Structures are given as structure tokens and as C-alpha cells.
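These are my notebook entries on a single chain. I set down what I looked up, in the order in which I looked it up.

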Amino acid sequence: MKIKQIFKIYNKIFDGLDKWLSPLWFLCVRYWLASIFFRSGLVSISNWENNIALFKYEYKVPFLSPEVAALLSGAVELICPVLLILGAGTRLAALAMFFTALVIEFTYMHHFDHILWLFSSSLIVLKGAEKISLDYLLWKIFFSRNIKNSF
């Protein structure tokens, strides 16, 4: 067997794995990241006064009042995970979560989990939601037909 044939077989196997497993993997990553942020958002709204006090005395986000920081954080933690799970506006939701994790990492404390959140969210920002998402479905419905018909 020639080396060229080996590479063809190798590429065929891994292209097939990528085609079928990549969408599932991205769904799992989106779910994992969304569950972390959503649970945090639920904790935040369970005692709103305490949440504002945390932003006032503990987190100390620069350039924002504690009330605004708590509101923005809560919105990101509750809205973006839902969008991420659905795969709707996935890149924008992941971008918001990326910046939230970045702020947490640099203003509150360094923790390895924050780095995982940053890498996971940046991967989603760069690659999108993949095929198991509303983004992909909407793209196929509204744009793939128009592109084919325009040529």
C-alpha cells in the first residue's frame, strides 16, 4: 500500500468522524458552558440585594456601578445560556460569555475553570454552533437557497 493511499484512508476516516461527531461535541460543549452560567444566574437572582452587595464589596468591576454590573452579569448568565443551548445567536451569546469570564478572571480571581470557560466560549465564537442549532437551520432555510439561485 502506498503512502498516498494510507493518507487518503486516514483523511477519509477523520473527515467522517468530524462530519458526524463534531456537531454532537459542539452541542455538549454548549450545554456544559450554558449550565455553568445559568446556574450562576439563578443563584444571582435568588437574592438580588446580596448579589448587588457582592458587586459592591467583593467583585469591584471597574467602570460600572454595582447595580449595573449585577444587572449585566445576571442578564448574560440567564439569557446567553438559553441562546447557547438553542443555538440561536450562538456566536454573540458565546462572545458575551467570553467577556464575562474575562472580567471574572481579571477583576475577581484567577481560577483554572475561568480559563476553560474562556477557551470553550472562544471556540464557539470562532466555529459557531455547528449543525445541531437554530443558527444552522435558519442559515439553510434562508440563505442556502438564495445562494444557489443567484448563480
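Predicted model: local features only at pLDDT ≥ 70, side-chain atom pairs only at ≥ 80, totals over all residues.

**Entry 1: α1 and α5.** I looked up how the axes of these two helices are placed, and found that they come within 10 Å and cross at roughly 130°. α1 and α5 are therefore oblique to each other. I recorded the crossing of this pair as left-handed. On the α1 side I listed Phe 26, Val 29, Arg 30, Trp 32, Leu 33, Ile 36 and Phe 37. They meet Leu 116, Trp 117, Ser 120, Ser 121, Leu 123, Ile 124 and Lys 127 in α5. Sorted by class, this contact of α1 with α5 holds 10 nonpolar, 2 polar and 2 charged residues.

**Entry 2: α1 and α4.** I then took α1, residues 3–46, with α4, residues 90–108. Their axes come within 12 Å and cross at roughly 50°. The term oblique therefore applies to α1 and α4. From α1, the residues in contact are Arg 30, Leu 33, Ala 34 and Phe 37. From α4, they are Thr 90, Met 97, Thr 100 and Ala 101. The class count for α1 with α4 is 5 nonpolar, 2 polar and 1 charged residues.

**Entry 3: the whole chain.** I counted 6 helices and 0 strands, and read the pattern along the sequence as α-α-α-α-α-α. The radius of gyration is 20 Å, well over the 15 Å that the globule rule gives for 151 residues, so the chain is more spread out than a compact globule. I noted that the C-alpha trace spans about 65 × 40 × 25 Å along its principal axes. Of the 151 residues, 30% count as buried. Among contacts with a separation of 6 or more, I found that 67% join residues 24 or more positions apart.

Entry 4: Where is Lys 131 found? I located Lys 131 in the loop between α5 (112–127) and α6 (134–150). Its relative accessible area is 40%, so Lys 131 is partly exposed. Leaving aside residues up to four places away in sequence, I saw that Lys 131 touches Lys 19, Pro 23 and Tyr 136. Lys 131 and Lys 19 are 112 residues apart in sequence, and I noted 9.4 Å between their C-alpha atoms. I next looked up Asp 18, which lies in helix α1. Asp 18 has a relative accessible area of 49% and is partly exposed. Asp 18 and Tyr 57 are 39 residues apart along the chain, with their C-alpha atoms separated by 47 Å.

**Entry 5: positive phi.** I looked up backbone angles in two loops. Phe 63, a residue other than glycine, has a positive phi near 70°. I placed Phe 63 in the loop between α2 (48–59) and α3 (66–86). Glu 130 sits in the loop between α5 and α6. With a relative accessible area of 22%, Glu 130 is partly exposed.

How values were computed: Residues numbered from 1 in each chain as written. Heavy atoms only, no water. Axes fitted to C-alpha atoms, helices over the stretch in contact; angles between N-to-C directions. Helix = DSSP H or I, 4+ residues; strand = E, 2+ residues; numbered from the N terminus. Parallel < 35°, antiparallel > 145°, perpendicular 65-115°, else oblique. Contact = heavy atoms within 4.5 Å. Nonpolar A, V, L, I, M, F, W, Y, C, P; charged D, E, K, R; others polar. Buried < 20%, exposed > 50% of the residue type's maximum accessible area, 1.4 Å probe, protein only. Rg over C-alpha atoms; globule rule 2.2 N^0.38 Å. Left-handed = near helix turned anticlockwise from the far one by under 90°.
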